[in-house]
Protein chains: 2
Amino acid sequence: MTEKLIVFYNGKFMQEKNVQISPNDRGFVFGDGVYEVFRSYNGKLFYADEHIKRLQYSLSQLRIEINQMDQIIPVVHQLLEKNDLRKKEATIYVQITRGVYKRMHAFPDEKVDPTIFIRAREFTPNPYSFFKKGVKAITLEDFRWSRCDIKSVALLSNILSAQQAADCDAYESIFIRNGLLLEGSHTNVFAVMNGQLYTHPESNYILSGISREIVIHLCKKYNLSVIEEAIHEKQIPQVEELFLAGTSTEIMPVVYLNNADIGTGNVGPLTRRIQDYYRNFIEEYLERI
Amino acid sequence: MTEKLIVFYNGKFMQEKNVQISPNDRGFVFGDGVYEVFRSYNGKLFYADEHIKRLQYSLSQLRIEINQMDQIIPVVHQLLEKNDLRKKEATIYVQITRGVYKRMHAFPDEKVDPTIFIRAREFTPNPYSFFKKGVKAITLEDFRWSRCDIKSVALLSNILSAQQAADCDAYESIFIRNGLLLEGSHTNVFAVMNGQLYTHPESNYILSGISREIVIHLCKKYNLSVIEEAIHEKQIPQVEELFLAGTSTEIMPVVYLNNADIGTGNVGPLTRRIQDYYRNFIEEYLERI
């Protein structure tokens with residue numbers, strides 16, 4: 001926790017160390033809240049509207065109403081300014097909870113102001129070697145809830161899965177439910193089989209990833225077909241390429257899954273192309289805005 | 001939030017309004033923590049050892065280590081004293097999170113002190129009429145994670161289910177998975193069929209309820225057989241009696257489920273007996289300690 005970091009908390013800019021979350025905040029007591037992570041490049045926000053839209057979706061699913069939605073982007077820009085991040089890469093973390101109320105499971109029986117917390121921090125990307133050489137992942141039986149389409153802060157299952165990956169020196173855990181590959185603990189998953197790109201369709205079992213959408217968009221743009229169908233764990237030996245997509249992760253090749261190479265064990269040609277397309281897409285997007 | 005409530009937070013007694021939970025507390029950010037709710041009667045704790053044991057189990061499942069476990073009960077007694085609760089009924093809420101660290105999904109990569117928060121509050125029991133006449137419940141397809149044996153604060157699915165019950169003017173939501181009745185959003189469930197008492201066996205799909213254990217103990221003591229087997233939703237029309245068990249809920253008859261009476265629609269004789277046994281058991285326990 002950087003001592004002098006300026007954050008936004010319930011309408012005010014303040015030093016992070018002065019933020020006082022109540023022990024009755026339903027975020028702390030129940031995980032009753034949602035979040036988003038935005039990225040910025042030299043003060044420009046990447047795909048901000050899509051993140052705001054997803055935030056609105058998550059809030060609506062929990063029936064949390066906030067009036068200040070249109071203030072979030074201006075606040076983010078002020079945070080970048082105040083924290084000297086306008087000439088750097090940054091991630092912006094937005095957390096909104098149902099607010100502070102005496103502990104009861106059902107929603108508060110009177111009107112409560114949601115808690116809004118926003119922090120911008122300099123972004124340290126994954127090492128270049130990860131993108132170039134690929135990483136290791138493991139598969140796990142999905143033990144999460146079945147509303148993974150909501151980007152909630154009740155992330156304990158993701159935490160335990162991320163730690164299980166860390167215990168195995170792996171970058172990510174990929175969830176399997178009823179034999180089908182779903183997504184990673186903090187990424188979406190794409191696989192190449194017979195030269196075709198596959199990814200799990202949108203559903204309540206995966207988060208509708210923004211990077212996932214961009215990859216699908218890029219495939220269409222460059223006439224690469226992408227099939228929104230889950231692949232079965234039995235098909236893993238036939239997978240030629242595997243990669244993860246996420247806002248912080250970008251396009252991350254997986255070359256080793258559980259105890260075996262994926263394909264040749266090297267980053268495949270389709271993954272390379274999508275890495276390039278994705279990088280170029282970000283650059284073009286940032287030039288455009 | 002009573003202004004003058006004295007709580008225990010990370011080694012100190014203080015007014016609740018002065019507690020400053022960090023926005024980097026992994027309880028707030030991820031729901032990465034556990035809790036327990038104890039009850040006290042005139043300053044005497046009911047079944048405290050069992051709650052401590054379950055707290056230890058939950059912590060161990062998340063690999064959260066605390067050194068101060070043996071301080072919790074003495075702290076609870078001091079809180080009862082400081083808040084003038086020694087001559088009243090109270091509930092004591094204990095929450096332990098993994099602590100404060102910069103946001104990363106895997107466990108912190110250095111040693112972090114867990115956050116310990118304890119609050120005692122006067123207990124307002126459910127209305128007498130609920131116990132006497134019974135309540136309404138609804139069933140819901142279980143959408144929670146599959147580690148319900150951990151009493152974690154990542155309770156969002158329970159929150160949404162409790163709200164769904166509230167929307168239907170019901171006391172509780174009862175989860176069904178693969179057709180089988182599991183437990184309620186904050187209670188365990190018992191059903192009587194053909195004069196026999198049934199409850200879901202211990203598993204990762206239910207919390208190992210302390211009141212559940214007491215009911216089973218009382219059945220053995222009074223020569224009532226209790227079968228630890230789940231009942232199927234198709235069997236609901238044959239259920240003669242249904243009740244919930246929980247630390248705050250005690251023994252709560254359910255006389256109306258979804259849109260139909262359970263049995264005659266009145267509290268059944270076995271439920272009455274168990275209510276009486278349970279009440280007597282608490283009294284005898286409190287006299288003994």
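In the predicted model, helix 6 (residues 210-221) and helix 7 (residues 269-288) of chain A pack with their axes 10 Å apart and at an angle of about 105°. Angles of 65 to 115 degrees count as roughly perpendicular, and helix 6 of chain A and helix 7 of chain A are therefore roughly perpendicular to each other. On helix 6 of chain A, the contact is made by A:Ser211, A:Ile214, A:Val215, A:His217, A:Leu218, A:Cys219 and A:Lys221. Helix 7 of chain A contributes A:Ile274, A:Tyr277, A:Tyr278, A:Phe281 and A:Glu284. By class, the residues of this contact divide into 8 nonpolar, 2 polar and 2 charged.

In chain B, the axes of helix 6 (residues 210-221) and helix 7 (residues 269-288) come within 10 Å and cross at roughly 105°. Helix 6 of chain B and helix 7 of chain B are therefore roughly perpendicular to each other. The residues of helix 6 of chain B in this contact are B:Ser211, B:Ile214, B:Val215, B:His217, B:Leu218, B:Cys219 and B:Lys221. They meet B:Ile274, B:Tyr277, B:Tyr278, B:Phe281 and B:Glu284 of helix 7 of chain B. The contact in chain B comprises 8 nonpolar, 2 polar and 2 charged residues.

Between the chains, 57 residues of chain A are in contact with 58 residues of chain B. The two chains bury about 4600 Å² between them, and 63% of this area lies on carbon and sulfur atoms. Of the area that chain A buries against chain B, 16% is supplied by A:Phe28, A:His105 and A:Leu156, more than by any other three residues.

Polar interactions also occur across the interface of chain A and chain B, where 21 residue pairs are in polar contact, both residues being at pLDDT 80 or more. The interface of chain A and chain B also holds 2 salt bridges. A:Arg63 forms a salt bridge with B:Asp167, with the closest N and O atoms 2.6 Å apart.

Several secondary-structure elements of chain A each supply at least two residues of the side that touches chain B: helix 1 (26-30), strand 3 (33-41), strand 5 (89-97), strand 6 (115-122) and helix 5 (156-167). Helix 5 of chain A gives the most to this side, with 9 residues. The residues of the side of chain A that touches chain B divide into 26 nonpolar, 17 polar and 14 charged.

Technical notes: Residues are numbered from 1 along each chain as its sequence is written. Chains are lettered from A and ligands numbered from 1 in the order in which they are written. This is a predicted model: local features need pLDDT of at least 70, side-chain atom pairs count only at pLDDT 80 or more; totals for chains, interfaces and linings use all residues. Side-chain values use heavy atoms; hydrogens and water are left out. Axes are lines fitted to C-alpha atoms, for helices over the stretch in contact, and angles run from 0 to 180 degrees between N-to-C directions. Helices (H or I, at least four residues) and strands (E, at least two) are DSSP runs, numbered from the N terminus. Angles under 35 degrees count as roughly parallel, over 145 as roughly antiparallel, 65 to 115 as roughly perpendicular and the rest as oblique. Contact means heavy atoms within 4.5 Å. Ala, Val, Leu, Ile, Met, Phe, Trp, Tyr, Cys and Pro count as nonpolar, Asp, Glu, Lys and Arg as charged, and the others, Gly among them, as polar. Buried area is the accessible area (1.4 Å probe) that two parts lose on being put together, summed over both. A salt bridge is a side-chain nitrogen of Lys or Arg within 4 Å of a carboxyl oxygen of Asp or Glu. A polar contact is a pair of N or O atoms within 3.5 Å; within protein, one must be able to donate a hydrogen and the other to accept it, and residues adjacent in sequence count only if both atoms are side-chain atoms.
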